[in-house]
Amino acid sequence: MTIQQYIKDFIALFFPQTCAGCDAPLVHSEYLICTDCWYHMPYTQGHKDAQNVSARQLWGRVQLEAVASYVYFVDSSRVKQLLHQLKYRNRPEIGELIGTRYGLALKTSSPFDKADIIVPVPLHPVKLRKRGYNQSAFFAKGLSSSMCRPIVEHCLVRRHATKSQTQKNRYERYENMRETFAVGDPDAVAGKHVLLVDDVLTTGATMEACAGVLLKAGAAKVSAVTIAKAL
Ligand SMILES: [Zn+2]
């Protein structure tokens with residue numbers, strides 16, 4: 001045992017590192033998320049099934065090459081805790097770690113392996129200032145390191161906070177969302193197969209709007225992945 005490891009273990013006696021998903025103490029070989037959580041995560045395996053629930057949710061709404069989510073978002077689960085930590089507890093490294101793992105599966109899975117660039121869904125600037133980071137950009141960073149594809153982070157921009165969607169019908173909601181996003185750098189996406197990434201797929205309105213503006217700006221194809229799929 002090296003002296004550094006000895007000191008680390010000694011400190012860990014008093015300040016044990018705990019799992020971001022279940023709070024169990026982590027052992028040496030574990031980083032952020034424990035082996036048990038990795039094992040029991042509700043994986044969708046959606047990247048192996050073109051007709052998965054995430055893909056079906058967007059059918060007929062926008063032309064997407066493929067859509068997949070890594071895990072199901074189940075209430076009172078470790079996924080919920082992980083996402084909460086990622087978004088509200090200043091732990092962006094969780095997004096990066098999940099991206100690194102998911103990227104290993106996606107890089108051998110068609111058509112995700114054909115993507116040219118990775119584009120995270122941007123946060124509204126006000127939210128970004130408040131939170132200090134875009135959790136989807138960290139997820140993108142992990143995907144990028146495993147898939148060996150570049151991130152083009154600022155080509156998609158978010159213009160204003162989304163107004164309340166509740167009083168609007170589906171078309172009005174779509175129009176409202178669509179106005180929210182713009183492509184700031186069309187040259188960066190022209191002719192490219194874009195892998196669009198976000199943290200959670202809920203109504204699909206964000207993905208629909210982002211994919212719409214990317215295609216309009218000249219992207220050849222858009223595929224989309226999220227960490228979780230809300231049920
Ligand atoms: Zn755990």
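Strand S6 (residues 221-230) is largely enclosed by the rest of the structure, because 9 of its 10 residues are buried, where buried denotes a relative accessible area under 20%, exposed one over 50%, and partly exposed a value in between, computed with a 1.4 Å probe on protein chains only. The coordinates are those of a predicted model, in which local features need pLDDT of at least 70 and side-chain atom pairs count only at pLDDT 80 or more, whereas totals for chains, interfaces and linings use all residues. Residues are numbered from 1 along each chain as its sequence is written, and side-chain values use heavy atoms, with hydrogens and water left out. Strands (E, at least two residues) and helices (H or I, at least four) are DSSP runs, numbered from the N terminus.

Strand S6 pairs with two strands, pairing being assigned if DSSP finds at least two bridges between the strands. With S1, S6 pairs in the parallel sense over 6 bridges; within this pairing, the bridge partner of Val67 in S6 is Ala224, and that of Ser69 is Thr226. With strand S5 (residues 193-201), S6 likewise pairs in the parallel sense, over 8 bridges, and Val200 stands opposite Ala228 in S6. In a regular strand the side chains alternate between the two faces of the sheet. Strand S1 is also largely enclosed by the rest of the structure, since 5 of its 7 residues are buried.

The structure holds 1 cavity of 30 Å³ or more, a cavity being a set of points, on a 1 Å grid over the protein atoms alone, where a 1.4 Å probe fits but cannot get out, with lining residues having an atom within 4 Å of a point. About 40 Å³ of space lies in the largest cavity, the volume being the space filled by probe spheres set on the points, and grid points being joined across faces, edges and corners. The lining of the largest cavity consists of Met41, Tyr70, Val71, Val79, Leu82, Leu83, Ile98 and Ile227. Strand S1 (67-73) and helix H4 (78-88) each supply at least two residues of this lining, and H4 gives the most, with 3 residues. The lining residues divide into 8 nonpolar, no polar and no charged, on a classification in which Ala, Val, Leu, Ile, Met, Phe, Trp, Tyr, Cys and Pro count as nonpolar, Asp, Glu, Lys and Arg as charged, and the others, Gly among them, as polar.

A zinc ion is coordinated by the SG atoms of Cys19, Cys22, Cys34 and Cys37, at 2.3 Å, donors being N, O and S atoms within 2.8 Å of the metal (3.2 Å for Na, K and Ca); because water is not among the atoms, sites may look incomplete. The site of the zinc ion is tetrahedral, with angles of 106 to 112° among its 4 donor atoms, four donors being counted as tetrahedral if all angles lie between 85 and 135 degrees. Ideal angles for four tetrahedral donors are 109.5 degrees. Along the chain, the donors of the zinc ion follow the spacing C-x2-C-x11-C-x2-C. Cys19 counts as buried, at 0% relative accessibility, whereas Cys22 is partly exposed, with a relative accessible area of 32%.

Several loop residues have backbone geometry of note. Most residues other than glycine have a negative phi, and most peptide bonds are trans. Leu32, in the loop between helix H1 (3-14) and helix H2 (35-40), has a positive phi near 65° and counts as buried at 8% relative accessibility. Asn90, in the loop between H4 and H5, has a positive phi near 55°, but counts as exposed at 56% relative accessibility. A cis peptide bond, with omega of about 5°, joins Ser110 and Pro111, and Pro111 lies in the loop between helix H5 (93-106) and strand S2 (117-120).

Two further loop residues were examined through C-alpha separations. His47, in the loop between H2 and helix H3 (53-58), counts as buried at 13% relative accessibility, and its C-alpha atom is separated by 5.3 Å from that of Ala68, 21 residues apart along the chain. Asn169, in the loop between strand S3 (156-158) and helix H8 (170-180), counts as partly exposed at 44% relative accessibility; Asn169 and Ser136 are 33 residues apart in sequence and 27 Å apart in space, C-alpha to C-alpha.

Definitions and conventions. On a 1 Å grid over the protein atoms alone, a cavity is a set of points where a 1.4 Å probe fits but cannot get out, and a pocket is an open set with protein on both sides within 12 Å along at least five of seven lines; lining residues have an atom within 4 Å of a point. Four donors count as tetrahedral if all angles lie between 85 and 135 degrees; four count as square planar and six as octahedral if opposite donors are over 155 degrees apart and all others between 65 and 115; anything else is irregular.
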